[in-house]
Amino acid sequence: MEPGAQLPQVVLRGSAPRGCDASMVIGGVVDGALVTIDRVSEGLSESAAFDLESLTYVLSSPLDSGGGELTVVQSLIGGCEVEASEPVGVRFGPAQAPGRPALQPPCEGSPFLWVEGLRGGADIEIEADGTVFHARVAPGGNAQRFDVTGLRAGATVSVTQSMCGLVSEPGTVTVGPRPAGADHRPVGPLFACARVVRVVGVTPGALVRVAARGALGEYFLSPWVWSPTDRIAVEVTPGLVEGDVVFAVQVACGGGPSRSVSDEPVEPLPDVQPPEIAFGFSSRRSVTVVALPGALVRVFRRRDGAEEEIGRGLVDPEHDRVPVGEPLEEGEELFATQEICDIRSEHGPEYRVRPGQRVFSMGAPKVRPVTSEPPGHDITWFEGRLQCSIDGESRFVGRFRNTAENSTADIHAGVTIRHPSGFRFGVSGDVFLTAENDDHPTNKLWMAKGYRPDGEISIKRPQPAWRDPAQWSIVLDSQATFEWVQALSTFPESEADDGEEDDEKAPNPPPSN
């Protein structure tokens, strides 16, 4: 930064501070800056140097349980002629009971329990099959492994967390049976200097560790990590060595360590080319990239001529998404770099963030004249739209009006979107419209049943496949066709003089959506 410039304000991330909190997530920090927290209401001040843009700051003592005020500022030390940032002030409320812990189902014989939804620094009480265990959540942690005795299948496990004497509702889970053995293995390709290894075929709930065999024998590359599903990305240190062979070890349900069914060789590092951003959509907190498996990818935003890093992450053969710190905005200009083996690529090509929603509209109203009546007596589809979202939701809305005086209308209407790739999605529904005539006996009967000359079709359908970036990109590039079919029913002329027609003589219209 230029002499005389001022550091930007820090950003407090995560949930808002509350009394008894033992940590805070602070971001927007310049590398090497000193972050100072003034706990105004408590008369305390504490500082720490940051070597990353965002870190969990563990407080010297929990915040006052009754609530209070604090400020956070960053500054550079060591003779830098740069002004400290403007302080960020926060008022925090009194302590509240922590939320209910979320337990992942353990399997029979498991000597540990994995719990999520935790508050950093909270006291934990675990009751497992009549035995009580006590522990504490690590400062800044929100998920943690707790050691217990081997669990019995069918037993109920209960966990509560407390802070400042305030106890949460208990989270409970039932111990499941011991699953059949899984054929876990690392996934290739693996390149020299890679910092992450994907392991698949894992027993859900198992502990997994990655190791390698090289010229000096076998050695571990990671600590034990808990896997909630049958696949997991394990960060390794140091980076992989060309020519070594990588394997995985798992411990599941209280059994002994088991080695992966196959090994994966470490290949030479290819040329490190600029990575590409393949997909990025508004409202999302990640982008999809094309990069070398095992590389660290950094994502940048270009705004007003300035470049700002907004996210970073390791990619592997199965995972090509990089998280970003805040939801993307449509039209933002992004680019990425990748780092591996102390090599940093050039900037990749620019990518403009695409919409996270698409609304297909019908356009001009569709009109069906009722030829048996004077001009202007029509069936009209005056609004039609299909709302699509990358969140995996769709909603079709159609609105209709019948201005005929002596004809009812059964309408079947829908929309279909198509893409040259062969993708097709359609939705349709039905609606019944009475005539626009309050005096006709039959029409009066139908209106008494709740039908009107105006009607609507509204249909919501989940589309989980649209959460996939490649699939959503196809939806955005699709074209829509709105189609309808109308069936008219004209009142007999003799009915016009029959004002005492019985309700049972009126035909029932078809059910409408």
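This is a predicted model: local features need pLDDT of at least 70, side-chain atom pairs count only at pLDDT 80 or more; totals for chains, interfaces and linings use all residues.
**The three-strand sheet**

Strands β16, β18 and β22 form an open sheet, in the order β16-β18-β22, with antiparallel pairing. Strands β16 (185–186) and β22 (231–235) are at the edges; each has a single partner strand, so one side of each has no neighbour in the sheet. Strand β18, which covers residues 196–200, pairs with β22 in the antiparallel sense over five bridges. V197 has V234 in β22 as its bridge partner.

**Cis peptide bonds and positive phi values**

One joins G188 and P189, with omega of about 5°, and P189 sits in the loop between β16 and β17 (190–191). The other joins T237 and P238, with omega of about 0°; P238 belongs to the loop between β22 and β23 (245–251).

Two cysteines have a positive phi. C164, in the loop between β13 (156–163) and β14 (166–167), has a phi of about 55° although it is not a glycine. C341 lies in the loop between β31 (333–340) and β32 (343–344), and its phi is also positive, at about 55°.

| Residue(s) | Feature | Value |
|---|---|---|
| G188 and P189 | cis peptide bond | omega about 5° |
| T237 and P238 | cis peptide bond | omega about 0° |
| C164 | positive phi | phi about 55° |
| C341 | positive phi | phi about 55° |

**D316 and its surroundings**

D316 is in the loop between β29 (306–314) and β30 (321–323). Its relative accessibility is 6%, so D316 counts as buried, the limit being under 20%. The D316 side chain reaches two backbone nitrogens: that of E318 at 2.7 Å and that of H319 at 2.8 Å. When neighbours within four places in sequence are left aside, D316 is in contact with V196, R198, A233, P293 and G294. Of these contacts, V196 and R198 fall within β18 (residues 196–200), and A233 falls within β22 (231–235).

**The largest nonpolar core**

The largest nonpolar core has 30 residues, and those with the most contacts inside it are W381, L386, F396, F400, I411 and W472. Two or more residues each come from β36 (378–389), β37 (393–402), β38 (407–418), β39 (424–433), β40 (454–462), α2 (469–476) and β41 (479–490). Strand β38 gives the largest share, five residues.

W472 falls within the span of α2 (469–476). Apart from neighbours within four places in sequence, W472 is in contact with F281, P355, G356, Q357, R358, C388, S389, I390 and W466. Two of these, C388 and S389, fall within the span of β36 (378–389).

**G422**

G422 is located in the loop between β38 and β39, two strands that give residues to the core. G422 is exposed, with a relative accessible area of 59%. Its C-alpha atom is separated by 9.9 Å from that of I474, which is 52 residues away along the chain. I474 falls within the span of α2 (469–476).

Technical notes
Residues are numbered from 1 along each chain as its sequence is written. Side-chain values use heavy atoms; hydrogens and water are left out. Two strands pair if DSSP finds at least two bridges between them. Helices (H or I, at least four residues) and strands (E, at least two) are DSSP runs, numbered from the N terminus. A nonpolar core is a set of buried Ala, Val, Leu, Ile, Met, Phe, Trp, Tyr and Cys residues joined through side-chain atoms within 4.5 Å. Buried means under 20% relative accessible area, exposed over 50%, partly exposed in between (1.4 Å probe, protein chains only). Contact means heavy atoms within 4.5 Å. A polar contact is a pair of N or O atoms within 3.5 Å; within protein, one must be able to donate a hydrogen and the other to accept it, and residues adjacent in sequence count only if both atoms are side-chain atoms.
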